[in-house]
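Subject: Structure handover

Hi,

Here is the structure I promised to pass on. My notes follow it.

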Amino acid sequence: MKALVNWTGNRNFLGRSGTGHAVPMSASAAEDSEGASPMEMLLIGLGGCFSYDVVNILEKMREPIEDCAVEIEAERAKEAPRVFTHIHMRFVVTGKGLDPEKVQKAVNMSAEKYCSASVMLSKSAEISHDIEVLEL
């Protein structure tokens with residue numbers, strides 16, 4: 001896996017994945033911000049990793065999933081390095097007749113086994129999660 005990040009001026013950068021996708025990034029407090037901050041990108045990546053797993057696991061369980069969203073809130077250390085110290089994830093999963101126990105199982109499986117980002121970030125941060133199942 002490879003990536004490249006180029007400075008584009010001021011406090012803005014353009015990240016490019018090895019697969020050719022481009023993502024603008026900026027310092028979070030910059031007035032001329034052109035993208036998310038690198039730490040926001042970590043949270044977005046964590047949410048994407050988890051969400052992929054949850055959807056994939058529920059589909060394999062033949063659960064009637066129609067939508068999956070995850071709201072993420074994080075706290076950071078006050079001193080440098082300002083690592084994440086706590087991350088809370090709230091999964092909102094929608095479908096017709098979804099089994100809440102299976103949704104919880106899918107989230108747990110992602111957290112404990114499949115989501116590489118979660119396992120990596122859990123070395124410095126406590127990661128918690130809860131679910132909400134919405135009926136169509």
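Helix H1 has 23 residues, and its first and last C-alpha atoms are 33 Å apart, close to the 33 Å expected at 1.5 Å a residue. The expected span is 1.5 Å times one less than the number of residues. Helices (H or I, at least four residues) and strands (E, at least two) are DSSP runs, numbered from the N terminus.

Before you go further: this is a predicted model, where local features need pLDDT of at least 70, side-chain atom pairs count only at pLDDT 80 or more, and totals for chains, interfaces and linings use all residues. Residues are numbered from 1 along each chain as its sequence is written, and side-chain values use heavy atoms, with hydrogens and water left out.

**Helix H1**

The buried residues of H1 are Leu-43, Leu-46, Gly-47, Phe-50, Ser-51, Asp-53, Val-54, Ile-57 and Leu-58. Buried means under 20% relative accessible area, exposed over 50%, and partly exposed in between (1.4 Å probe, protein chains only). These buried residues of H1 pack against S4, S5, H2 and H3. After H1 comes Arg-62, with a positive phi near 65°.

**Helix H2**

H2 covers residues 100-114. Its 15 residues should span 21 Å at 1.5 Å a residue; the end C-alpha atoms are 20 Å apart, which agrees. Buried here are Val-103, Ala-106, Val-107, Ser-110 and Ala-111. Down the axis of H2 they fall within an arc of 130°, so they line one face of the helix. The arc is that of the directions from the helix axis to the C-beta atoms. An α-helix has 3.6 residues a turn, so residues three or four places apart point the same way.

On the other side of H2, Glu-101, Glu-112 and Lys-113 are exposed. The cover over the buried residues of H2 includes helix H1 (38-60), strand S5 (84-95), helix H3 (116-121) and strand S6 (126-135). At the start of H2, a side-chain oxygen of Asp-99 comes to within 2.9 Å of the backbone nitrogen of Glu-101.

**The sheet S4-S5-S6**

Three strands form an open sheet in the order S4-S5-S6, with mixed pairing. Two strands pair if DSSP finds at least two bridges between them. Strand S4 (65-76) and S6 are the edge strands: each pairs on one side only. Neighbouring strands of this sheet are turned by 15° against each other on average, direction ignored. Axes are lines fitted to C-alpha atoms, for helices over the stretch in contact, and angles run from 0 to 180 degrees between N-to-C directions.

S4 and S5 pair in the antiparallel sense over 11 bridges. Glu-75 stands opposite His-86 in S5. H1 packs on the sheet and touches S4 and S5; its direction makes about 150° with that of S4. H2 lies across S5 and S6, at about 150° to S6. Contact means heavy atoms within 4.5 Å.

**Two residues to look at**

What does Ser-128 touch, not counting residues up to four places away in sequence? His-86, Ile-87, His-88 and Met-89. Ser-128 sits in strand S6. Its side chain and that of His-88 are joined by a polar contact of 2.7 Å. A polar contact is a pair of N or O atoms within 3.5 Å; within protein, one must be able to donate a hydrogen and the other to accept it, and residues adjacent in sequence count only if both atoms are side-chain atoms.

Arg-82 lies in the loop between S4 and S5. At 41% relative accessibility, Arg-82 counts as partly exposed. Leaving aside neighbours within four places in sequence, Arg-82 is in contact with Met-39, Arg-76 and Ala-77. Met-39 is 43 residues away along the chain, with the two C-alpha atoms separated by 9.6 Å. A polar atom of the Arg-82 side chain lies 3.0 Å from the backbone oxygen of Ala-77.

**The sheet S1-S2-S3**

Another open sheet of three strands has the order S1-S2-S3, with antiparallel pairing. S1 and strand S3 (22-26) are its edge strands, each pairing on one side only. The twist averages 25° from one strand to the next.

Strand S1 (residues 3-9) and strand S2 (residues 12-17) pair over six bridges. In S2, Ser-17 is the bridge partner of Ala-3, and Arg-16 is that of Leu-4. The hairpin of S1 and S2 has two residues between the strands, and Asn-10 there takes a positive phi near 50°.

Best wishes
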